[in-house]
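Me: I have a chain open here and want to go through it with you. Can you take my questions as they come?

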Amino acid sequence: MLPGPTSTTTPSSPVTVALRADGSVVCWGSDAFGQCSAPAHLGAVTAIAAGARHTVVALEDGSIIAWGDGTSGQCSAPTHIARAIGVSAGRAHSLAVACTEGSVDVFRFRVAVEPDGDGRT
């Protein structure tokens with residue numbers, strides 16, 4: 001994490017999300033879909049991303065939490081990811097990058113997943 005605050009947004013997002021040096025998250029902009037309403041007791045955040053209608057974060061323990069409009073499954077974060085180190089969000093999808101046992105995996109979560117069903121890309 002950078003010593004100062006960092007922020008992220010996507011071109012189609014009406015929201016900006018900032019990660020403070022202490023691991024807390026601040027959101028501003030439209031909250032029409034709850035994308036600025038971070039859950040209480042979120043914990044220490046290490047990565048942030050703002051989608052068009054949702055926000056996704058990776059926590060210090062490696063888990064992922066997303067909130068806002070999840071009608072396409074973009075807020076249905078997989079629970080089997082052991083150590084998320086990065087996240088990204090788009091219009092109707094979210095991505096997580098995880099490191100496990102020396103390998104790097106990328107997971108996409110939304111309603112339509114890969115044919116094997118685990119969201120791995």
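Me: How many bridges join E5 to strand E6, and which way do they run?
Reply: Five bridges join E5 to E6 (residues 64-68), and the two run antiparallel. Strands here are DSSP runs of at least two residues, labelled E and numbered from the N terminus, while helices are H or I runs of at least four. Two strands pair if DSSP finds at least two bridges between them.

Me: What kind of model is this, and how are residues numbered?
Reply: It is a predicted model, where local features need pLDDT of at least 70, side-chain atom pairs count only at pLDDT 80 or more, and totals for chains, interfaces and linings use all residues. Residues are numbered from 1 along each chain as its sequence is written, and side-chain values use heavy atoms, with hydrogens and water left out.

Me: Back to the hairpin. Which residue takes a positive phi in the hairpin of E5 and E6?
Reply: Gly-62, with phi near 95°; four residues lie between the strands.

Me: What stands opposite Thr-55 in E6?
Reply: Trp-67 does. Thr-55 itself belongs to strand E5 (residues 54-59).

Me: Thr-55, buried or exposed?
Reply: Thr-55 counts as buried because its relative accessibility is 0%. Buried means under 20% relative accessible area, exposed over 50%, and partly exposed in between, with a 1.4 Å probe and protein chains only.

Me: What does the Thr-55 side chain have a polar atom close to, at 2.7 Å?
Reply: The backbone oxygen of Gln-35. For reference, a polar contact is a pair of N or O atoms within 3.5 Å; within protein, one must be able to donate a hydrogen and the other to accept it, and residues adjacent in sequence count only if both atoms are side-chain atoms.

Me: And which residues is Thr-55 in contact with?
Reply: Leaving aside neighbours within four places in sequence, the contacts of Thr-55 include Val-17, Ala-49 and Ile-65. Contact means heavy atoms within 4.5 Å.

Me: Switching to Asp-69. Where does it lie?
Reply: In the loop between E6 and E7. Asp-69 has 10% relative accessibility and therefore counts as buried. Its side chain makes a polar contact of 3.1 Å with that of Thr-71. Not counting residues up to four places away in sequence, Asp-69 touches Phe-33, Arg-53, His-54, Gln-74 and Cys-75.

Me: Now the largest nonpolar core. How many residues, and which have the most contacts inside it?
Reply: It has 15 residues, and those with the most contacts inside it are Val-56, Ile-64, Ile-81, Val-87 and Ala-96. A nonpolar core is a set of buried Ala, Val, Leu, Ile, Met, Phe, Trp, Tyr and Cys residues joined through side-chain atoms within 4.5 Å.

Me: Which element gives the most to this core?
Reply: E7, with three residues. Apart from this core lies another, of 13 residues, among them Cys-27, Cys-36, Leu-42 and Trp-67.

Me: What is the strand order in the open sheet of three strands?
Reply: E7-E8-E9, with antiparallel pairing. Strand E7 (84-89) and strand E9 (103-109) are at the edges with a single partner strand each, so one side of each has no neighbour in the sheet. Seven bridges join E8 (residues 94-100) to E9, and Cys-99 stands opposite Val-104 in E9.

Me: Last one, the whole chain. How many helices and strands?
Reply: Zero helices and nine strands. Of the 121 residues, 41% are buried.
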